[in-house]
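Have the structure open while you read.

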Amino acid sequence: MELDSALEAPSREESSLSGELSPSALGQAFSKILHSLTRPEARRGNVKDVALKDLGDLIEATECDRLFEGSGARLRGMPETLGQVAKAVEKYAAPRKEEEGGGDGHSEVAEKAAKVGLLFLKLLGKVETAKNSLVGPAWQTGLHHLAGPVYIFAITHSLEQPWTTPRSREVAREVLTLLLQVTECSSVAGFLRGENEDEKGSLSVILGLLKPDLNKESWKNNPAIKHVFSWTLQQVTRPWLSQHLERVLPASLLISDDYQTENKILGVHCLHHIVLNVPAADLLQYNRAQVLYHAVFNHLYTPEHHLIQAVLLCLLDLFPILEKTLHWKGDGARPTTHCDEVLQLILTHMEPEHRLLLRRTYARNLPAFVKRLRILTVRHLKRLERVIIGYLEVYDGPEEEARLKILETLKLLMQHTWPRVSCRLVVLLKALLKLICDVARDPNLTPESVKSALLQEATDCLILLDHCSQGRVKGLLAKIPQSCEDRKVVNCITKVQQVSEGAPYDGT
C-alpha cells in the first residue's frame with residue numbers, strides 16, 4: 001500500500017527536498033502528480049486528495065526559477081506541464097453532472113474548491129515573484145499555460161451557484177484578483193480581449209479550453225461550463241467579439257436549443273449579446289443572421305414569460321440587421337418583414353392569453369413593434385384593435401403594467417396610422433370611456449399614483465382620437481359632464497374638450 005502510494009505521487013519528504021532535485025527529477029515529480037490527478041477516481045478515491053497536498057508542498061518548496069526557467073529538455077517543457085497540472089486541478093474541483101449532485105455533492109465541491117483556490121494562490125504567487133526576478137519570457141510562458149485553467153476555476157466558483165459557499169466564493173475571487181494583478185490587467189474584460197491594441201488577450205485560449213466540454217454530448221456533464229461561457233462572453237464587446245464569432249455562435253445556439261427553460265434563457269442572452277456586439281456584415285455572411293433568427297423565433301412557442309421577454313428583446317435588436325437586405329423600389333406593396341411575422345405570432349398568442357405574467361410580457365414589448373413598423377402597422381390593425389380592447393377591459397393588479405403599456409401602444413398606433421383610426425372611432429371611444437369609469441370607481445388596492453397614470457394615458461388617447469377624427473370626439477362627449485357625477489371622469493372629459501378647443505395642455 002505504501003509502495004503503491006509512493007509510486008503514484010511524490011511524498012512530502014521528497015517534495016520538501018525539491019529544491020535539490022535535478023531538472024529531470026522535478027519534471028518527473030510533476031508528471032507523477034499529473035498522472036494521479038487524471039487517473040479515474042473510481043480506482044482510488046483518496047489518491048487525488050493526496051496528490052493535491054503533495055502538489056501544494058512541491059510548489060511551496062520549489063524556487064520560482066526552477067518552475068519557469070532552465071536549460072534541460074524536460075525543464076523547457078515545465079510551463080506546459082504546469083499548465084496540464086493546473087487543468088487537472090481545475091477539473092478536480094469542478095461540479096459533477098447535474099443529476100449526480102445533491103446537497104452533499106455540492107458541499108464536497110465547495111470544500112475541494114477552497115483547497116484548490118489556495119493552491120492556485122500559491123502558484124500565482126510564484127509567478128508574481130518570478131516576474132521580479134527572472135530575465136526573459138520564461139515566466140510569461142508559464143503564465144500563458146496557467147492563466148486559462150486558473151480563470152475557468154475562478155469564474156466557476158466565484159459566481160453564486162448551488163455548488164459554491166461563501167468561503168469557496170471568497171477564495172475564488174481572491175484567485176481572480178491575483179490573476180488580474182499578475183497579468184497586469186485592470187479588468188476581466190481587459191484580460192480577455194487584451195489591455196492594448198497589440199495584445200491578443202486570453203479569450204481564444206479560454207474558448208479552446210471550454211470547447212471540449214461545449215459539444216452536444218458533454219456540455220451537461222459539468223453544470224458550470226454554460227455559466228462560465230455565458231459570463232465570459234458578456235465581458236467581451238465590439239469590436240473584439242467579431243473575431244471569435246465562429247467559436248461563440250455554435251456554443252450559444254447549443255445552449256439555447258435545450259428542453260430546459262433555464263438553458264433556453266441563458267442561450268438567448270448569449271445570442272442577444274452576439275447580435276449587439278458583432279457587425280451586421282459578419283452576421284449576414286453565410287446566412288448566420290437567418291439561422292440565429294429561426295433559433296430564437298421558435299422559442300416564442302414556449303409559454304414562459306422570462307423566456308419570451310429575452311426572445312423579444314433579442315429579436316427587436318436583430319430586425320435592423322435582417323432588414324438591411326430588403327429594398328423597396330416603390331412600385332408595389334412593401335414586402336413583409338421578420339418584424340411582421342413576429343408581431344403576427346405575438347398577437348395570435350395575446351388574444352386568448354389569460355396568464356397575467358405572460359400578458360404583461362407581451363404588452364410590455366408591444367410599443368416597440370409599433371415604433372418599428374410605423375405606418376406598416378396597418379397590416380395588423382384589426383387584430384391589434386381586438387387585443388387593445390380586450391386588454392383594456394381586464395384588471396392587471398396593483399401596478400397595472402399591462403394596461404399602461406396597452407395605452408402607450410394605442411397612442412403610438414394612432415400617431416402612425418391616423419388615417420385608418422376615424423373608422424374605428426366608436427369602438428375605441430367606448431373602450432377608453434369604460435376604462436376611465438372603471439379606474440375612477442376602482443375599489444381595489446390600486447395606488448393613487450397608478451390610477452392617475454392610467455387616467456392620464458387614457459385622456460391622452462382621447463385627445464389623439466379626437467384629432468384623428470377631426471373633432472368628432474368632442475361632440476360625442478359634450479353631454480357627459482352634465483349627467484356624470486364622478487369628479488375624476490368629468491375632469492378627464494373636460495381636459496379633452498379644452499385641448500380640442502385649442503387650450504394648452506401639458507399632458508400631450
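Start with a charge sitting on a ring: Arg193 lies over the face of Trp240, 4.4 Å from the ring centre. Arg359 does likewise with Tyr391, at 3.9 Å from the ring centre. Keep in mind that this is a predicted model.

Rings also meet other rings here. The count of aromatic pairs is five, and one aromatic cluster is formed by Tyr293, Phe297 and Tyr301.

Now for the salt bridges. How many does a search of the whole structure find? The search turns up 21, including these:

| Salt bridge | N to O distance |
|---|---|
| Glu108 and Lys112 | 3.6 Å |
| Glu246 and Arg288 | 3.6 Å |
| Arg355 and Glu353 | 2.8 Å |

Look at Glu108 and Lys112 first. They are four residues apart in helix α8 (residues 103–133), so about one helical turn separates them. Glu108 is partly exposed, with a relative accessible area of 35%, while Lys112 is buried, at 14%.

The side chains of Glu246 and Arg288 also meet in a salt bridge. That pair links distant parts of the chain: Glu246 belongs to helix α14 (residues 245–256) and Arg288 to helix α17 (residues 288–297), 42 residues apart. Glu246 is exposed, with a relative accessible area of 61%, but Arg288 is buried, at 13%.

Arg355 is partly exposed, with a relative accessible area of 38%, whereas Glu353 is buried, at 10%.

Finally, find Glu351, Arg383 and Arg386, which are linked in a network of salt bridges.

Definitions and conventions:
Residues are numbered from 1 along each chain as its sequence is written. This is a predicted model: local features need pLDDT of at least 70, side-chain atom pairs count only at pLDDT 80 or more; totals for chains, interfaces and linings use all residues. Side-chain values use heavy atoms; hydrogens and water are left out. Rings of Phe, Tyr and Trp (its six-membered ring) pair if their centres lie within 6.5 Å; planes under 30 degrees apart count as stacked, over 60 as edge-to-face and the rest as tilted. A charge sits over a ring if NZ of Lys or CZ of Arg is within 6 Å of the ring centre and within 35 degrees of the ring normal. A salt bridge is a side-chain nitrogen of Lys or Arg within 4 Å of a carboxyl oxygen of Asp or Glu. Helices (H or I, at least four residues) and strands (E, at least two) are DSSP runs, numbered from the N terminus. Buried means under 20% relative accessible area, exposed over 50%, partly exposed in between (1.4 Å probe, protein chains only).
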